[in-house]
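Student: Please take a close look at a single part of this model. Pick a strand and follow it through its neighbours and turns.

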Amino acid sequence: DYLDRFPGGRLAYKILDRMLSDRAVSLPSHEGSIEEIVYVPGRELFVVAGLEGRVRVHRASDGELWREFDLGDDSSVRALAVSPDGNLLAVGKGAKPDRVGKVSNDVLFMSLDDRPTPAPLFDYPASIEKLQFAPDRERLAVGTRYESLEIIDLNDASPVTIASTRRSEDLAFSSDGSQVLLTPEIGLLRICDSRTGETVKEFD
């Protein structure tokens, strides 16, 4: 609205910047870098996570800590997603190699109310870079580093696999959940059927 009223470029930006700074809140410092911040729809909360192994839920009004999940000192988080109803949190957890050199990359689910959570998704072959719920909350897209994208049905854990050769950091479902947009290769946008994985259209 303010940008429409003040279409003067830099002036409009300064006005908007001042508005936002007046409403800014401060958070407690994190020990490691912050990798993800996501807003919880309809709850006036946002979630912060990173390399220190903690997932923190803050109130948007004042930045105060509302809830914290500790994943352990050897853990890190590079991806978060919140369900469209604002009640379920998906966390892409990575862990340092164990004694035999195995690295753990898992998707954990955390409830933001009292409802039960889906079973965890274990043993992804690479770090989890992106998570995205479908609009129906019944499916979750999991993008990993240089590996294929998977869309998981959370009721039975059955996957739909979509080939990808780069870091799956960017993906989005259509409003009805029937299609998913991703960047499987550098310079390529692909729209796929989210239930079959088949390519619908590409933009090179």
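Tutor: A strand here is a DSSP run of E with at least two residues, and strands are numbered from the N terminus. By that count, Leu181 lies in strand 13, residues 179-185. Note that the model is predicted.

The part to look at is strand 9, residues 139-144. Six of its six residues are buried, so the rest of the structure largely encloses this strand. The cut-off for buried is under 20% relative accessible area. Now take the two sides in turn. In a regular strand, side chains alternate between the two faces of the sheet. On one side of strand 9 sit Arg139, Ala141 and Gly143. On the other are Leu140, Val142 and Thr144. Both faces are covered.

Next, the partners. Strand 8 pairs with strand 9 in the antiparallel sense, over five bridges.

Four residues lie between strand 9 and strand 10, where Tyr146 takes a positive phi near 60°. Asp123 belongs to the loop between strand 7 (105-111) and strand 8 (128-133).

Strand 5 pairs antiparallel with strand 6, residues 88-95, over seven bridges. Ala79 has Gly92 of strand 6 as its bridge partner. That hairpin has five residues between its strands, and Gly86 in the turn has a positive phi of about 75°.

Back to Leu181. At 35% relative accessibility, Leu181 counts as partly exposed, because that class runs between the 20% limit for buried and the 50% limit for exposed. Leu181, Leu189 and Phe203 make a nonpolar surface patch of about 240 Å².

Methods. Residues are numbered from 1 along each chain as its sequence is written. This is a predicted model: local features need pLDDT of at least 70, side-chain atom pairs count only at pLDDT 80 or more; totals for chains, interfaces and linings use all residues. Side-chain values use heavy atoms; hydrogens and water are left out. Patches are made of residues with over 30% relative accessible area and no salt bridge: like charges are joined within 9 Å, nonpolar side chains (Val, Leu, Ile, Met, Phe, Trp, Tyr) within 5 Å. Accessible areas come from the Shrake-Rupley method with a 1.4 Å probe; for residues, only the protein chains shown count as cover. A salt bridge is a side-chain nitrogen of Lys or Arg within 4 Å of a carboxyl oxygen of Asp or Glu. Buried means under 20% relative accessible area, exposed over 50%, partly exposed in between (1.4 Å probe, protein chains only). Two strands pair if DSSP finds at least two bridges between them.
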